[in-house]
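Please keep the sequence and the model in view while reading.

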Amino acid sequence: AASSSSTVRRNPSFATLNSDDVAYFKQVLGEKNVVQDEDRLESANVDWQHKYKGSSRLLLLPRSTEEVSKVLQYCNSRRLAVVPQGGNTGLVGGSVPVFDEVIINMSSMNNIISFDKVSGILVCEAGCILENLILFLDDQGFIMPLDLGAKGSCQIGGNVSTNAGGLRLVRYGSLHGNVLGLEAVLANGNVLDMLGTLRKDNTGYDLKHLFIGSEGSLGIVTKVSVLTPPKLSSVNIAFLACEDYLSCQKLLSEAKTKLGEILSAFEFLDGQAMNLVLNHVEGVRNPLPSSMHNFYVLIETTGSDESSDKEKLEAFLIRSMESSLISDGVLAQDINQASSFWRIRESAPEALARAGAVYKYDLSLPVEKMYNLVEEMRVKLGQSAYVVAYGHLGDGNLHLNISAPQYDDEILAQIEPYVYEWTSQHRGSISAEHGLGLMKANKILYSKSPETVQVMASIKKLLDPNGILNPYKVLPHSLTSES
Ligand code: FAD
Ligand code: MLT
Ligand code: ZN
């Protein structure tokens, strides 16, 4: 694993953990929720990609908001830095310590608090695993407004804290719209009860939005309320091939107008990404095996009328074939085939992780321009690395991934700052959905103005004056380190 601390210095104003601290935590949380076991610490110190590694000596497992509050109040008064952790599937080095920060893992707060079948509003604790919520709702005839490949491990609190986008955003919008309320604990232990369940509430500043996407830097999210859509009876998935990027774009415009209200996902992967998935992930088969194509597109529709929805999609596919926007395609015939199509797209991060070292870029860019960057990177890098692209085309979100045998400063110098500058020139975002974490804390100015970042730093100072919450992440180190 690459060390994460190479360019950051430990903030000397933070205390180091001592035996009195451990004794206090044991008294508050109970012996078994204060983890010092080497093996468990080892995995909690390393991120999903094995790219970032901290050296924390302590993992805490609070079971209630009150316990989170006591722990934070204590850490704040002692100036012990902490890192909030959910499922540890984050991709920007935000969920693991950089140095010896105490890890506060939310997995023991995993209760569903209430579900209102009329409004579809779910209230639950932050540590609920996304897939468990999906399964719970399925029984009730509802779905989560977000879905992502990491669903089996990621937690709703982590999703909210990263403002995760995922595979359904094109239909249901972001968590800024779907999270109706939340409860968060500030660094000083104060509990902010913003756990509303109202669709409309214009009473002053809507502070919950500060916690959506702030990556644990302003507080620990302990509970959330989410607006969930009803489960509709008809879901269809097509796996399609396009021969050039322009066709993918045209297909997207067509899908938006012709499939309209039933369009629920529009995802793409290029031939290079498909290759990587087929070569590195077991049990994945190419549903269009007759030849390799330059681009693959996955279109899902979700609606309430089985016969007319299917007719609509079939007509759309025939037209797209006739106008040569697609060169091949297949419609899932049953639920197994549907999930095998999704598996191909969702396996892209896993395939990359297996293939070697990965430089990951998660960019929002104008759709018509985004693939130019991928092609430029291929030319720049030549044989030294393998460039793959996939992502949420329907949302203008490109996942540009550069796979190399190992992390190599020369390769990195070919990629950065070029990719960030290119994105900035096109007024894109250097983090569409993964957040900034440690990886991009010092890069924020490529996407936000200095005045905006200054206000962010002021808000951070107001809510967390000692800077104990997820230090070295999100904001530039020059603005947050004590001098
Ligand atoms: P963690 O990784 O544990 O933490 C993420 C950040 O949130 C950290 O900064 C952490 O400090 C903070 N945090 C966690 N819990 C809390 C809390 N309760 N209170 C305050 N702060 C907290 N992201 C997308 O947006 N779209 C995708 O499609 C997508 N697909 C993915 C697929 C795979 C296979 C993987 C590995 C990751 C994917 N991701 C995706 C990345 C993504 O950010 C997450 O998977 C998810 O949202 C993180 O949730 P988590 O519980 O694992 O959080
Ligand atoms: C995805 O869309 O697959 C995720 O955001 C993960 C990734 O970018 O690799
Ligand atoms: Zn994604």
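The text below takes the chain first, then each ligand and its surroundings.

The model is predicted. Its chain is divided into domain 1 (19–107 + 460–480), domain 2 (112–227), domain 3 (234–348) and domain 4 (356–446). Taken over C-alpha atoms, the centres of domain 1 and domain 3 are 41 Å apart.

Ligand 1 is surrounded by 35 residues, and P84, G86, G87, T89 and G90 are the closest. By class, this shell holds 12 nonpolar, 21 polar and 2 charged residues. Strand 3 (82–85), helix 5 (156–162) and strand 9 (220–227) each contribute at least two residues to it. Helix 5 contributes the most, with 5 residues.

Around ligand 2 are L91, R345, P349, K360, Y390, H392, H399, E433 and H434. These divide into 3 nonpolar, 3 polar and 3 charged residues.

| Residue and part | Ligand atom | Distance |
|---|---|---|
| T89, side chain | ligand 1, oxygen | 2.6 Å |
| G90, backbone | ligand 1, oxygen | 2.7 Å |
| E433, side chain | ligand 1, nitrogen | 3.1 Å |
| R345, side chain | ligand 2, oxygen | 2.6 Å |
| H399, side chain | ligand 2, oxygen | 3.0 Å |
| E433, side chain | ligand 2, oxygen | 3.0 Å |

On its own, ligand 1 has 970 Å² of accessible area, and the protein covers 97% of that. Ligand 2 taken alone exposes 260 Å², of which the protein buries 86%. The side chain of E433 has a polar atom 3.1 Å from a nitrogen atom of ligand 1 and a polar atom 3.0 Å from an oxygen atom of ligand 2.

Technical notes:
Residues are numbered from 1 along each chain as its sequence is written. Chains are lettered from A and ligands numbered from 1 in the order in which they are written. This is a predicted model: local features need pLDDT of at least 70, side-chain atom pairs count only at pLDDT 80 or more; totals for chains, interfaces and linings use all residues. Side-chain values use heavy atoms; hydrogens and water are left out. A residue is near a molecule or strand if one of its heavy atoms lies within 4 Å of it. A polar contact is a pair of N or O atoms within 3.5 Å; within protein, one must be able to donate a hydrogen and the other to accept it, and residues adjacent in sequence count only if both atoms are side-chain atoms. Accessible areas come from the Shrake-Rupley method with a 1.4 Å probe; for residues, only the protein chains shown count as cover. Ala, Val, Leu, Ile, Met, Phe, Trp, Tyr, Cys and Pro count as nonpolar, Asp, Glu, Lys and Arg as charged, and the others, Gly among them, as polar. Domain bounds come from an automatic or database domain assignment. Helices (H or I, at least four residues) and strands (E, at least two) are DSSP runs, numbered from the N terminus.
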